[in-house]
Amino acid sequence: MKRIKTVLGTVLTCALLLSACSNSPFGNELQYVEVGKISVQLTDAPFPYDMVSEANVTIFKIDARLKSDEALEDDENDAFQVLFAGEKHVNLLELTNGVTESLGDTEVPAGSYDLVRVFVKDATILLTDGRTFDLKIPSGEQSGIKIFIAPELIVSGNLTSELLLDFDVSQSFIAKGSTKEVSEITGFTYKPVIRASNMSVAGTLMGQVGTLVEDVATDVEGAQLSILKDGEVQMTTFTDASGGYLVQGLVSGTYAVVIERNGYATQIAEEVVIVSGNETVQDFRMIVE
């Protein structure tokens, strides 16, 4: 089943008084450091293989870099604030249509965050025929998967900033062999593709896709939507069994949305406007070819 993946939330909060030591990125004098909140969410773009029943990753750490000249002059690692530490096993195919799961809470200093690292130690694919593939994770466990946050995430004292980490499953898990039949898949290559979105300047695109069958309105499952900005694909998604779709983390601006499905004419919606903190609804009625 083609799915839209969305997922995971965690809130990182509060206010603290730091007594800085000589190797602190915040200086060597007693001072008050403002703290705010970061809400971290994970989601994933569509995974178009009907023959895959699970796409699993195990995340054991997420941290974000506090952009600070003082911190970067000492040790770059001092600039990273831990957002999550533990072990979270996630089947990305289950995290659909706004389903979220908490990763925990922590305190972070106020400031500008420009980079996030995601540490992953396991990735597996389970096919519908019962076969499982354990995948190697390049740099995922040692140095983490590095993703720049664009635009930078600004955390203000006593306020919440939201960060969306979008796992693009269809690009991250690349099938070997043929995908015409499940038995013809010989393995997978894992090349993690993750997008970091500053939700304070982002909006949501959602809608319903249907058609007419003998003058009866019918939902269209498995239609692929591509969201483009300035001619470049930003991300893709698929409609679910009810014909619905939802895309989070789109930076404010104007997009074109292309929808395709075998047996139907391709449609393009131009000038789709995304507004920060708002939901834009774009429905489609597809025409059978």
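**Salt bridges, looked up**

I started with K61, which forms a salt bridge with D63, their closest N and O atoms being 3.8 Å apart. I counted a salt bridge as a side-chain nitrogen of Lys or Arg within 4 Å of a carboxyl oxygen of Asp or Glu. The model is predicted; local features need pLDDT of at least 70, side-chain atom pairs count only at pLDDT 80 or more, and totals for chains, interfaces and linings use all residues. Residues are numbered from 1 along each chain as its sequence is written, and side-chain values use heavy atoms, with hydrogens and water left out.

I then checked exposure (buried is under 20% relative accessible area, exposed over 50%, partly exposed in between; 1.4 Å probe, protein chains only). K61 is partly exposed at 26%, whereas D63 is buried at 1%.

Next I looked at R117, whose side chain meets that of D63 in a salt bridge at 2.9 Å, N to O. R117 lies in strand β8 (residues 111–127) and D63 in strand β5 (residues 52–66), 54 residues apart. I took strands as DSSP runs of E, at least two residues, and helices as runs of H or I, at least four, numbered from the N terminus. R117 and D63 are both buried.

I also noted K67 and E152, a salt bridge with closest N and O atoms 2.8 Å apart. E152 belongs to strand β10 (residues 145–155), and the two are 85 residues apart. K67 is partly exposed at 45%, and E152 is partly exposed at 28%. Shared partners join K61, D63 and R117 into one network.

My search of the whole structure found seven salt bridges.
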